[in-house]
Amino acid sequence: MDIPMFVPVDLPDALWNRDNMRQALAARDIAAVFRLARQYGGLSQSRIGIATGIGQGRTNEVFNGKRKIVSIEVLERIADGLGMPDRARQLLGLAPAIGEPQDSEAQAARIGITRVFAAQATAAQEIRDAAWQANEVDLLAVRALGLIGLNDSLLREPLTAERAEPVKARVLLLDPDSPAAAHRAHEIGESEESFTAGIRMSIARLRELTDQPHLDLSVALYNTLPTWRLIRVDQTIYLSMFNGATEGHQSAIYRLSAAQYNLLHTGFTRQYEDLWTTAERLI
């Protein structure tokens, strides 16, 4: 699946104020711009290529100094794809973002995407803050070790903390005995044994939470090839994807907010409920 090019990645605003970034922009040193976006924004080469429409091979050539970007059209695509503010665009020698970028962002909002994060690292604080206050949390993952399976994972502390009413959490994990698990292990270059051991470890760690007084936890196993990684905190969905080379925490994360006619939010909510109904219940 291609990430829509009309939705820019979400980079820290302070990145554009860094002296080395300003120097790179003024010199139109796109290799340096990309390296700084990777270093301070958590973007992979693949994600940069998709966001800017350059492609993985050419992006790699830019990173390695084998290709210079001089075309104004390509520079505009890079500025739009990286979500450059006007001050950064002007340093690059481009006009301020008017007209189409705003229209495109409005289009993204209409289809239900209210924000895009470069990766889990840039969305983590918002998700954690929301989880501390949540009444309901749903997770669709593969192993979920980074989400809830380990002591220092993203959601374990907020979901087990003391609160007035228990938070209701449902966790869908990939069935370690399914053919889909073997397929996914092969996709990411892990042995089937080590890959499925991670899922079983997560299951064991989740069983430890069943006596938590402030957490109403349910866990089930699905057996289809994982494509989407979903975190629903009350009515807000944080959606990322799995592909042959990317884990869910490395992918861009789309924030989907519940609203009238929001087809993406409605569709993924329905998909989760259907998957939960057909999954094998463990806890």
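The model is predicted, so local features are described where pLDDT is at least 70 and side-chain atom pairs where pLDDT is 80 or more, while totals for chains, interfaces and linings use all residues. Residues are numbered from 1 along each chain as its sequence is written, and side-chain values use heavy atoms, with hydrogens and water left out. The protein has 13 helices and eight strands; helices (H or I, at least four residues) and strands (E, at least two) are DSSP runs, numbered from the N terminus.

**The protein as a whole**

- Of the 283 residues in the protein, 49% are buried; buried means under 20% relative accessible area, exposed means over 50%, and partly exposed lies in between (1.4 Å probe, protein chains only).
- The accessible surface comes to about 13700 Å², and carbon and sulfur atoms hold 49% of it; accessible areas come from the Shrake-Rupley method with a 1.4 Å probe, and for residues only the protein chains shown count as cover.
- Among contacts between residues at least 6 apart in sequence, 71% join residues at least 24 apart, where a contact means heavy atoms within 4.5 Å.

- Eight strands form an open sheet with mixed pairing, in the order S1-S7-S6-S5-S2-S3-S4-S8; two strands pair if DSSP finds at least two bridges between them.
- Strand S1 (113-117) and strand S8 (280-281) stand at the edges with a single partner strand each, so one side of each has no neighbour in the sheet.
- S1 is joined by four bridges to strand S7 (residues 253-257), and the two run antiparallel; here Val 116 stands opposite Tyr 254 in S7.
- S7 also pairs with S6 in the antiparallel sense, over four bridges, and Tyr 254 in S7 is the bridge partner of Leu 239.
- S7 is mostly covered, with four of its five residues buried.
- Helix H12 (residues 192-207) packs on the sheet and touches strand S3 (167-174) and strand S4 (215-222); its direction makes about 160° with that of S3. For such angles, axes are lines fitted to C-alpha atoms, for helices over the stretch in contact, and angles run from 0 to 180 degrees between N-to-C directions.

**A closer look at strand S5**

- Six of the six residues of S5 are buried, so the strand is largely enclosed by the rest of the structure.
- In a regular strand the side chains alternate between the two faces of the sheet.
- Both faces of S5 are covered: Trp 228, Leu 230 and Arg 232 are buried on one side, and Arg 229, Ile 231 and Val 233 on the other.
- Four bridges join S5 to strand S2 (residues 136-140), which runs antiparallel to S5, and Asp 138 has Arg 232 in S5 as its bridge partner.
- S5 and S6 pair in the antiparallel sense over six bridges, and Leu 230 has Leu 239 in S6 as its bridge partner.
- These two strands, S5 and S6, form a hairpin with two residues between them.

**Residues with positive phi**

- Asp 234, in the turn of that hairpin, has a positive phi of about 55° and is partly exposed, with a relative accessible area of 24%.
- Arg 28 has a positive phi of about 50° although it is not a glycine. Arg 28 lies in the loop between helix H1 (19-26) and H2, and is partly exposed at a relative accessible area of 32%.

**Aromatic rings and a charge**

- The structure holds four aromatic pairs; rings of Phe, Tyr and Trp (its six-membered ring) pair if their centres lie within 6.5 Å, and planes under 30 degrees apart count as stacked, over 60 as edge-to-face and the rest as tilted.
- One of them is a tilted pair, because the rings of Phe 34 and Phe 63 have their centres 5.8 Å apart and their planes at 40°.
- Phe 34 lies in helix H2 (residues 30-41) and Phe 63 in helix H4 (residues 56-63), so this pair ties together parts that are 29 residues apart in sequence. Both Phe 34 and Phe 63 are buried.
- Trp 228 and Phe 268 have ring centres 5.1 Å apart and planes at 80°, so this pair is edge-to-face.
- This second pair links distant parts of the chain, with Trp 228 in strand S5 (residues 228-233) and Phe 268 in helix H13 (residues 263-278), 40 residues apart. Trp 228 and Phe 268 are both buried.
- The charged end of Arg 170 sits over the ring of Trp 276, 5.3 Å from its centre; a charge counts as sitting over a ring if NZ of Lys or CZ of Arg is within 6 Å of the ring centre and within 35 degrees of the ring normal.
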